[in-house]
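Please read the following report alongside the sequence and the coordinates. The headings below take up sheet pairing, the ligand site, single residues and backbone geometry in turn.

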Amino acid sequence: MEFSWPEDDARFRQALRDFLDETLPDDWEEISRHGPGSDDQSSFSRTFCARLAERGWLTQSWPAAYGGADATPWRHAILSEEMWRCGEPRGSQYMNVNWIGPTIMKYGSEDQKREHLPRISGGDVLWCQGFSEPEAGSDLVSLRTLALRDGDDYVVNGSKIWTSYVNGAELCFLLVRTDPESKRHKGITVLLAPMDAPGVEVREVPAVVGERYFHELFFRDARIPASARLGPEGEGWSVVSYALAYERVGAMRYARAGLTLDALAAAAAERGRLDDPAVQEKLGAARAAVEASRLLSYRVIDLRARGSEPTADTNIARVAGTMCENAVSNLALELFGAEALEYGTFAESYFRLAMTAGVAVGTTEINLNLIASRSLDLPHE
Amino acid sequence: MDFEPNEEQRAIALAVDNLLAQHAGPARAIELEREGSYDHALAAALTEAGFLGARLSEETGFLEAALVVEAVAKAGGVVSAAAESLVAPGVAGRSLEGPVAIARAGEDAPIRFGDHARTLLLDAGDEARVVILEPDWREPVRSNFMTPLGRIRVPEGAGESLGAGSGSRLRRWWRLALALDCLGALEAALDITVEYVKRRRQFGRAIGSFQAIQHRLAQCAVQVEATRWLCYEAAANGAPEEACAIAAAYATDTAHHVFRETHQLTGAMGYTREHDLHVFSMRLEALRVELGGTAAHRRAITRSRWAS
Ligand SMILES: Cc1cc2nc3c(=O)[nH]c(=O)nc-3n(C[C@H](O)[C@H](O)[C@H](O)COP(=O)(O)OP(=O)(O)OC[C@H]3O[C@@H](n4cnc5c(N)ncnc54)[C@H](O)[C@@H]3O)c2cc1C
């Protein structure tokens, strides 16, 4: 065991911070407060990711064969930490790099690889993720959106919901059912669907978590070319499992939480409240939650660096990530009081960002279920 | 960054587990509790194997010493391993004659190993002091918390000062040591409870198949796992002030949570002396009030990180 960063990783982090200082505009802080799915942040991500790509950093974790640098999972973690820390200037493009690209490398045809991978590694394509449906949330395999083969196309009918990052998205990583008789995991297929296909309609679902966070996608006899199918028909669940395994820790939430907490402590000091034992206690508790989340996320990266199969450590890290977000965002509201109620203020925007942690990308309860069965080996009914 | 034990660490863990399987365990802890004794036999065996005192940290490192402390706690060992193998070398730079107790000057509260200690590490504010104890300075305290307690009254100015500033060094290591004592007991308490709910049947099924129970144990598992890495990182990095306060704050908060949950989920059986849980659960509660408790550790985090 060893808990320190090698010299070259530390240098990389510093170079990245310098780059962010140079590259992020003066009003970045403002822009980032609207959330990663907002219009401003989506369009900014295109210029930003292109510059990241110029440096060779955007897809450094990809294999050299696909223009990457075979960077270690630890390198990739540093990139994710630093990006999330400053409000994710990559917008939705972190998804492209983290799991959409790698899944296309694994399951894509040569044509699909040629079509999609260079655009992802160039940093100017936006994707969205069409998994959840009105009747299929945690129980994703109950999804119903139907895609029936008709000549060279699939004809798609149904709807998706909660889709983020739809602004400017050209493509959707879409889960459909290709066999209407099939149940659960069987009969699911992945389509790399162009969002401008006829019969695809987008509607925003207004939500308190921020502008353009949630959307509904309606498919009404939408024709998606069969050449957009990723992997064999009916084998989509293996493809998704592979993709989700790549997603693993997901957003490095503790990085932003930790930075926010430092700012909260500074605000408490300004207000003369850093000597208040009750404030000290809450700051300390939140700091411990941030560090717990960081180390449990590192454990997942460590396992990945050794090439281990996904374990319940991922779920453990996610639960701790939510605890960390809750501790810090509760404190943000408590410290700033009614000031934190004004939209777009520092405390308010963090609170808003943090409040979905226990639901997005798999709920706390589902994570606890998986810890109970995989890690504690508790019996089923 | 590397979260897997290396070969040497694995070998140490294996050797200490073998030794503990022979000399320690909850049954032994229950027997010693009844007699009000300290486990001199276990201490001798650990010393002979090189697992007690400064030797391990000097020859291999503090993380290895931490692994031994965790293992002893997990086996319910009634020895002052944390004070002897981590705190003494960390603060005094050498072994101190065991049993070793740690206390804050000017407090009259019961302290762990107070009635058995040969040496006292005293937190006297700015400085730490090492005091060789006279038998009549000690007095036993009756307690139900499954860890031998005593009061120690030392004459003013007794012992040797470890120098200006050594007080904060003592508190750092003390916090890490008690976090590691928590860690071992947490793992044992959780393991015992997980096994219990798999076997205990009510309403025609194992109670561990009820989701209400699964979620509570899974939540405990998250916090125990986090405690582990917080402790290891702090030990490996030489006990930095903030990291030690974090380890102690998180470990003691988890200690209380796990105490409540494990007793709840083992029903009446968990309260009995025939069931092993109490050896660890009661100790967890003793640990969580030490050195000011969770609230004090949390304030220490804030002072360490943000006080200008
Ligand atoms: C910010 C945000 C962004 C999102 N972005 C996307 C996106 O881009 N694309 C996409 O496809 N989806 C997206 N989602 C959807 C997300 O994946 C789902 O919200 C999530 O999987 C939970 O599904 P649900 O909301 O339908 O809740 P439900 O599954 O209805 O759950 C409601 C409650 O019931 C509990 N519950 C459900 N099943 C069980 C069980 N077996 N045991 C115990 N408790 C249970 C849940 O834990 C939860 O507390 C996003 C969600 C959020 C919040």
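## Antiparallel pairing in chain B

In this predicted model, strand 2 of chain B and strand 6 of chain B, the latter made of residues 149-152, pair in the antiparallel sense over two bridges. Within that pairing, B:Ile111 has B:Gly150 as its bridge partner in strand 6 of chain B.

The pairing belongs to an open sheet of three strands in chain B, which follow the order 2-6-5 with antiparallel pairing. Strand 2 (111-112) and strand 5 (138-141) of chain B are the edge strands, each of them pairing on one side only. As background, the strands of a sheet pair through backbone hydrogen bonds, and they do this in either a parallel or an antiparallel manner.

## Strand 4 of chain A and its neighbours

Strand 4 of chain A has partners of both kinds. Four bridges join strand 4 of chain A to strand 1 (residues 127-130) of chain A, and these two run parallel, whereas seven bridges join strand 4 of chain A to strand 5 (residues 188-194) of chain A, where the two run antiparallel. A:Leu174 takes part in both pairings: A:Leu174 is the bridge partner of A:Gly130, and in strand 5 of chain A the bridge partner of A:Leu174 is A:Leu191.

How many of the residues of strand 4 of chain A are buried? Seven of the seven residues in this strand, residues 171-177, are buried, so strand 4 of chain A is largely enclosed by the rest of the structure. Both faces are covered, with A:Leu171, A:Phe173, A:Leu175 and A:Arg177 buried on one side, and A:Cys172, A:Leu174 and A:Val176 buried on the other.

## The ligand site

Which chains supply the residues around the ligand? Residues from chains A and B surround the ligand, so the site is shared between chains. The surrounding residues number 18, and the closest are A:Gln129, A:Ser132, A:Ser138, A:Thr363 and A:Glu365. By class, this shell has seven nonpolar, ten polar and one charged residues. Helix 12 (residues 364-375) of chain A gives the largest share of the shell, three residues. Within chain A, domain 2 (128-234) and domain 3 (253-374) both give residues to the shell, so the ligand lies between these domains.

An oxygen atom of the ligand lies 2.6 Å from an N or O atom in the side chain of A:Thr363, and an oxygen atom of the ligand lies 2.7 Å from a polar backbone atom of A:Ser132. A nitrogen atom of the ligand is 3.3 Å from an N or O atom in the side chain of A:Asn369. Taken alone, the ligand exposes 970 Å², of which the protein buries 67%.

## Two residues of chain A in context

A:Thr189 has its place in strand 5 of chain A. With a relative accessibility of 0%, A:Thr189 counts as buried, because the cut-off for that class is under 20%. A polar atom of the side chain of A:Thr189 lies 2.8 Å from the backbone nitrogen of A:Gly234.

A:Glu2, by contrast, is found in the segment before helix 1 (7-23) of chain A, and A:Glu2 is partly exposed, with a relative accessible area of 39%. The C-alpha atoms of A:Glu2 and A:Thr314 are separated by 20 Å, while the two residues are 312 residues apart along the chain.

## Backbone geometry

Most residues other than glycine have a negative phi, and most peptide bonds are trans. Against that background, A:Trp162 has a positive phi of about 70° although it is not a glycine, and A:Tyr165, likewise not a glycine, has a positive phi of about 55°. A:Trp162 is found in the loop between strand 3 (153-161) and strand 4 of chain A, and A:Tyr165 is found in the loop between strand 3 and strand 4 of chain A.

In chain B, the peptide bond from B:Gly98 to B:Pro99 is cis, with omega near -10°. B:Pro99 is found in the loop between helix 6 (81-92) and strand 1 (100-104) of chain B.

Technical notes: Residues are numbered from 1 along each chain as its sequence is written. Chains are lettered from A and ligands numbered from 1 in the order in which they are written. This is a predicted model: local features need pLDDT of at least 70, side-chain atom pairs count only at pLDDT 80 or more; totals for chains, interfaces and linings use all residues. Side-chain values use heavy atoms; hydrogens and water are left out. A residue is near a molecule or strand if one of its heavy atoms lies within 4 Å of it. A polar contact is a pair of N or O atoms within 3.5 Å; within protein, one must be able to donate a hydrogen and the other to accept it, and residues adjacent in sequence count only if both atoms are side-chain atoms. Accessible areas come from the Shrake-Rupley method with a 1.4 Å probe; for residues, only the protein chains shown count as cover. Ala, Val, Leu, Ile, Met, Phe, Trp, Tyr, Cys and Pro count as nonpolar, Asp, Glu, Lys and Arg as charged, and the others, Gly among them, as polar. Domain bounds come from an automatic or database domain assignment. Buried means under 20% relative accessible area, exposed over 50%, partly exposed in between (1.4 Å probe, protein chains only). Two strands pair if DSSP finds at least two bridges between them.
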